[in-house]
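My notes follow in the order I looked things up.

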Amino acid sequence: YLKISKLALAFAIIHSKPPGKSSKEYTEYLAKTVSKQDFGWKWKVEVLEAEVLRLRQELLLNRISPRFCLENRKQDTSAETPLGRESVNPTSYSSQLEDSGCDVCNDSAFDSLGIASDFHPSEHNGNTPKHWLERVPPLNLCHTSKEQSLTAPVQFLQCLLEIRKLSEEGILQADFSELENDSFTMCNSVSQLLDGLTFFYNSPKFPAPGFLTEGVCVLISLITDTKLSNHVLKKCFKKMEEFKKNLIQVILRNRSVNRFQALHSVSQTLGLLGRNHILRNSLISLLLSEVHQFAEQLLQAHQVQSEYDITQYENIFLLCMILEQLLQNDTEESNISSSDYGGKEKIKFLKNLDQIILHLSNEFPLFSLYLWRVSVLLNSGQMQ
């Protein structure tokens, strides 16, 4: 039957082909036309799936706290969010607007790698009850953009965080056990947020767009909230790990001339993620692996006097700074040795490290110094 159908199709194409076109050209033209139609249908399906997720989000919010969804949020309060947009310190972006972006040795440019000290959940505002859910309009089938795909989960998660805060203060009654009953909606919302952040971080801009900064604020608030983070990390831990790996690769692979300012926001996000005690160890392991792998490649290139990737050499310092800051911050907070960090990656990093530093110290003194500082933090938990 299949052979007969193919033969019939071939005859139909031959008989219907316009004059001046060969059967092959006409077949290719028909194939392109059909593929375009398939793409259009796939796009519509994706948009409809996004709309279904939005409706599920609205239903979940209603189940958690019906009163929250019945109130109308005042339109004139849109300039102030319950999460506090100061969380990622946007002033650091504007202060560097006139910088060329090439100065990687300016300590002040990387102060925010310790941004955890600057990041605090927003204080309760007396007007918080006025910030109610503003209904999100249905998605437009013709005008859905990557920006909209990021802002949609951000709005949903903002509402969850606001309900969480208001319920903790006794202003609202909320039943967060519904998150267990509908883990699909929560997981898909977080996944959509992570995918959106990854997309925009892969082509970083300076200064960071407002919706990207807001997305990072929501993500950090979500994983630091004691009640909501369990639902997120339990179901989306692998997705979070993939997100951290993607951010590391964004830093390593960026080759634009003025890349350091744009990658600054990526470094900030990694530093903030490392403040979570569940994510910290895995992030340290990832960073140790990347730095150690590059150190071995650099040593091999140095020994045989071959060329090395100068761009990756410049970018690796961002990872070294993040790694050192995470180890140092945790040592200061807990006042214990970080000897349990990294597991296999720590052992691999420290193995033959003295020999690597010895061979690289003359040609690459700054990188060797970073390797030594990290090794001291791993061994003793304190800077000697």
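**Cysteines.** I began with Cys217, which counts as buried because its relative accessibility is 2%. Cys320 is buried too, with a relative accessible area of 1%. I keep in mind that this is a predicted model. Next I searched for disulfides. How many does the rule give? The count comes to 0 disulfides. The cut-off I used is a pair of cysteine sulfur atoms within 2.5 Å.

**Overall picture.** I then listed the secondary structure. The protein has 15 helices and 0 strands. I checked burial over the 384 residues, and 45% count as buried. I looked at contacts between residues at least 6 apart in sequence, and 82% of them join residues at least 24 apart.

**Helix α7.** Helix α7 covers residues 183–201, which is 19 residues. The expected span is 1.5 Å times one less than the number of residues. That gives 27 Å for α7, and its end C-alpha atoms are 27 Å apart, so the two agree. I also noted which residues of α7 are buried. Among them are Thr185, Met186, Cys187, Ser189 and Val190. Further along α7, the buried residues include Leu193, Leu194, Gly196 and Leu197. Thr198, Phe200 and Tyr201 are on the buried list as well.

**Aromatic pairs.** I searched the whole structure and found 12 aromatic pairs. I opened the pair of Phe294 and Phe367. Is it stacked or edge-to-face? The ring centres are 5.7 Å apart and the planes stand at 85°, so the pair is edge-to-face. The cut-off for that label is an angle over 60 degrees. Phe294 lies in helix α11 (residues 277–303) and Phe367 in helix α15 (residues 365–380), so the pair ties together parts that are 73 residues apart in sequence. Phe294 counts as buried because its relative accessibility is 5%. Phe367 is buried, with a relative accessible area of 0%.

I went on to Tyr308 and Phe364. This aromatic pair is edge-to-face, with 5.3 Å centre to centre and 85° between the planes. Tyr308 sits in the loop between α11 and α12. Phe364 sits in the loop between α14 and α15. The pair links parts of the chain that are 56 residues apart. Tyr308 counts as partly exposed, at 35% relative accessibility. Phe364 is buried, with a relative accessible area of 6%.

I traced how these rings connect. Ring pairs link Phe294, Tyr308, Tyr313, Phe317, Phe364, Phe367 and Tyr370 into a cluster.

**Charges over rings.** I checked Tyr370 for a charge and found Arg373 over its face, at 5.6 Å from the ring centre. I noted another case at Tyr29. The charged end of Lys21 sits over that ring, 4.5 Å from its centre.

**Backbone.** Last, I looked for positive phi outside glycine. Gln305 has a phi of about 55°. I placed Gln305 in the loop between α11 and α12. Gln305 is exposed, with a relative accessible area of 65%. Asn352 also has a positive phi, near 60°. I placed Asn352 in the loop between α13 (344–350) and α14.

Methods: Residues numbered from 1 in each chain as written. Predicted model: local features only at pLDDT ≥ 70, side-chain atom pairs only at ≥ 80, totals over all residues. Heavy atoms only, no water. Helix = DSSP H or I, 4+ residues; strand = E, 2+ residues; numbered from the N terminus. Buried < 20%, exposed > 50% of the residue type's maximum accessible area, 1.4 Å probe, protein only. Phe/Tyr/Trp six-rings, centres within 6.5 Å; stacked < 30°, edge-to-face > 60°. Lys NZ or Arg CZ within 6 Å of the ring centre and 35° of its normal. Contact = heavy atoms within 4.5 Å.
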